Amino acid sequence: MHLTEINTTHTAKTLALFCKVVDNFGDIGICWRMARQLQQEHRIAVTLWVDDLRSFQRICPPVNIDAEVQEIAGVTVRHWRDQQGAFTVADIADIVIEFFACDIPPGYIQAMAQCEPRPVWLNLEGLTAEEWVEGCHTLPSPHPSLSLTKHFFFPGFNNKTGGLLREASLDQERAAFQADSQAVAAFLQQLGLTETEINNTKVSLFCYPHAPVADLLKTWQNGDQAMTCLVPEGVASEAITAFLGQASKAGVSGSQGALTVRVLPFIPQADYDKLLWACDINFVRGEDSFVRAQWANKPFIWHIYPQDENLHHVKLNAFLKTTTSATTSLVALSHAWNGVSHPPLDWAEIWQAFQSDLPEIARLSGTWQEKMHENGDMTGNLLKFVNAVRLASQKDAV
């Protein structure tokens with residue numbers, strides 16, 4: 001190969017993304033957003049391997065849970081049933097991504113080792129603000145027995161990491177929606193909200209089952225500000241059912257004191273983004289909704305995925321230390337919500353302090369968003385790294 005050919009041949013055209021659904025919707029949520037962005041913005045042919053099509057269908061209704069192979073929004077979706085299967089070189093994509101260290105089929109790896117050139121193999125890791133990821137981002141990991149190298153790729157909050165996932169049109173779409181009060185009202189009406197509920201302070205609630213939801217609902221119920229809490233069906237079912245006095249099914253609503261709770265159906269990702277944009281405060285969980293809340297430019301509280309020995313508290317505090325939008329009151333509420341603070345807790349006092357800080361938190365959220373923009377978007381950064389790896393391997397082959 002001549003050196004003059006290198007610059008025109010290193011761009012990847014196909015990508016395989018392997019996703020095992022562990023956190024219900026966060027894993028597939030991230031992978032589905034990324035797959036669509038790769039296809040739509042970068043014209044890469046994406047094959048998304050997913051082991052749990054039923055969870056996928058909750059956020060993407062067109063998914064056929066009985067199909068082995070299907071095409072959705074230009075992305076090929078394959079049901080990843082097990083670790084079996086024989087693969088040939090023709091089956092292997094230019095880029096192979098395993099999300100969050102899921103083990104891809106051994107037969108696929110064997111076929112990867114037979115490719116010339118080798119595919120770029122990445123482990124797309126979970127998002128954290130912990131400093132150690134800066135030293136691990138893009139590190140190589142040679143296969144113990146095959147001529148293959150896997151690289152670690154970490155999303156993150158500075159330019160020493162891969163940045164956050166963000167589509168090119170996201171900011172423009174959000175700004176246009178939030179500037180159009182009629183569009184916001186029409187969207188909320190489609191979800192069943194009354195005019196009164198729309199005019200209340202609106203909170204979206206997405207959390208894990210162990211969240212102290214009952215304490216928060218009681219605080220809002222006894223508060224002096226009219227609140228509308230919007231919660232997806234199946235989330236915090238025990239506390240929501242107790243508040244409503246009936247099963248927390250989609251479409252059900254009820255009011256006590258200053259609080260109205262309305263149960264929403266699970267909605268497609270694009271509508272979930274709009275819900276975050278339309279609410280005044282967002283309670284989010286895991287990673288996907290956590291990232292989308294940051295792009296919503298609204299105050300939010302993160303319920304982090306629980307880990308043994310409370311390791312998730314370390315991860316939570318790393319983010320609270322990093323973000324510019326964490327006032328003292330937001331930190332206090334985050335700690336109470338995630339079990340960092342030990343009972344007894346004065347929830348009314350914690351919420352009142354947070355509520356008083358909301359204008360400042362909203363201002364700081366905009367500053368944080370601008371800072372995240374400076375890091376570029378994760379998908380674009382990942383492709384730049386992939387192309388650099390491919391280019392380097394071609395130079396080595398010359």
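**An aromatic pair and its surroundings**

Author: Phenylalanine 18 is buried, at a relative accessible area of 0%. (Buried is under 20% relative accessible area, exposed is over 50%, and partly exposed is what lies between, using a 1.4 Å probe and protein chains only.) Tryptophan 80 counts as buried too, at 3%. Keep in mind that this is a predicted model, where local features need pLDDT of at least 70 and side-chain atom pairs count only at pLDDT 80 or more, while totals for chains, interfaces and linings use all residues. Residues are numbered from 1 along each chain as its sequence is written, and side-chain values rest on heavy atoms, with hydrogens and water left out.

So how do those two rings meet? Searching the whole structure turns up 27 aromatic pairs. Phenylalanine 18 and tryptophan 80 make one of them, edge-to-face, with 5.2 Å centre to centre and 80 degrees between the planes. (Rings of Phe, Tyr and Trp, the last by its six-membered ring, pair if their centres lie within 6.5 Å; planes under 30 degrees apart are stacked, over 60 edge-to-face, and the rest tilted.) Phenylalanine 18 sits in strand β1 (residues 14–19) and tryptophan 80 in the loop between β4 (75–79) and β5 (95–99), so the pair ties together parts 62 residues apart in sequence. (Helices, H or I with at least four residues, and strands, E with at least two, are DSSP runs numbered from the N terminus.)

Next comes another pair, tryptophan 220 with tryptophan 351: the ring centres are 5.4 Å apart and the planes are at 70 degrees, so this one is edge-to-face. It links distant parts of the chain, with tryptophan 220 in helix α9 (residues 213–221) and tryptophan 351 in helix α15, 131 residues apart. Both of these tryptophans are buried. Elsewhere, Phe157, Phe290, Phe300, Trp302, Phe319 and Trp368 form one aromatic cluster.

Now for the packing. The largest nonpolar core has 110 residues, and Leu48, Phe56, Val213, Trp220, Phe283 and Trp337 touch the most other members. Helix α15 (residues 347–373) gives the most to this core, with eight residues. (A nonpolar core is a set of buried Ala, Val, Leu, Ile, Met, Phe, Trp, Tyr and Cys residues joined through side-chain atoms within 4.5 Å.) Phenylalanine 283, leaving aside neighbours within four places in sequence, has contacts that include Trp220, Trp337 and Trp351, along with Phe206 and Ile301. (Contact means heavy atoms within 4.5 Å.) Tryptophan 80 turns up again in a second, separate core of 19 residues, which also includes Val96, Ala111 and Ala113.

What about the sheet? Six strands form an open sheet in the order β11-β12-β10-β9-β13-β14, with mixed pairing. Its edge strands are β11 (253–256) and β14 (300–303), each pairing on one side only. Neighbouring strands here are turned by 15 degrees against each other on average, direction ignored. Helix α12 (residues 288–296) packs on the sheet, touching β13 (281–285) and β14, and its direction makes about 155 degrees with that of β13. (Axes are lines fitted to C-alpha atoms, for helices over the stretch in contact, and angles run from 0 to 180 degrees between N-to-C directions.) β11 and β12 (residues 259–264) pair in the antiparallel sense over four bridges. (Two strands pair if DSSP finds at least two bridges between them.) In that pairing, serine 253 stands opposite arginine 262 in β12.

Threonine 228 belongs to β10 (residues 227–232) and is buried at 0% relative accessibility. Not counting residues up to four places away in sequence, threonine 228 touches Leu193, Glu197, Asn200, Thr201, Lys202, Val203 and Thr260.

Most residues other than glycine have a negative phi, and most peptide bonds are trans. The bond from glutamate 116 to proline 117 is cis, with omega near -5 degrees, and proline 117 is in the loop between α4 (106–112) and β6 (120–124). Proline 343 to proline 344 is cis as well, with omega near 5 degrees. Alanine 73 has a positive phi of about 50 degrees and is partly exposed, at 43%.

Finally, how far can you trust it? Mean pLDDT (the predictor's confidence in each residue, from 0 to 100) is 94 for the protein chain, and 96% of its residues reach 70 or more. Residues 1–9 stay under 50. Where pLDDT is low, predicted coordinates should not be read in detail.
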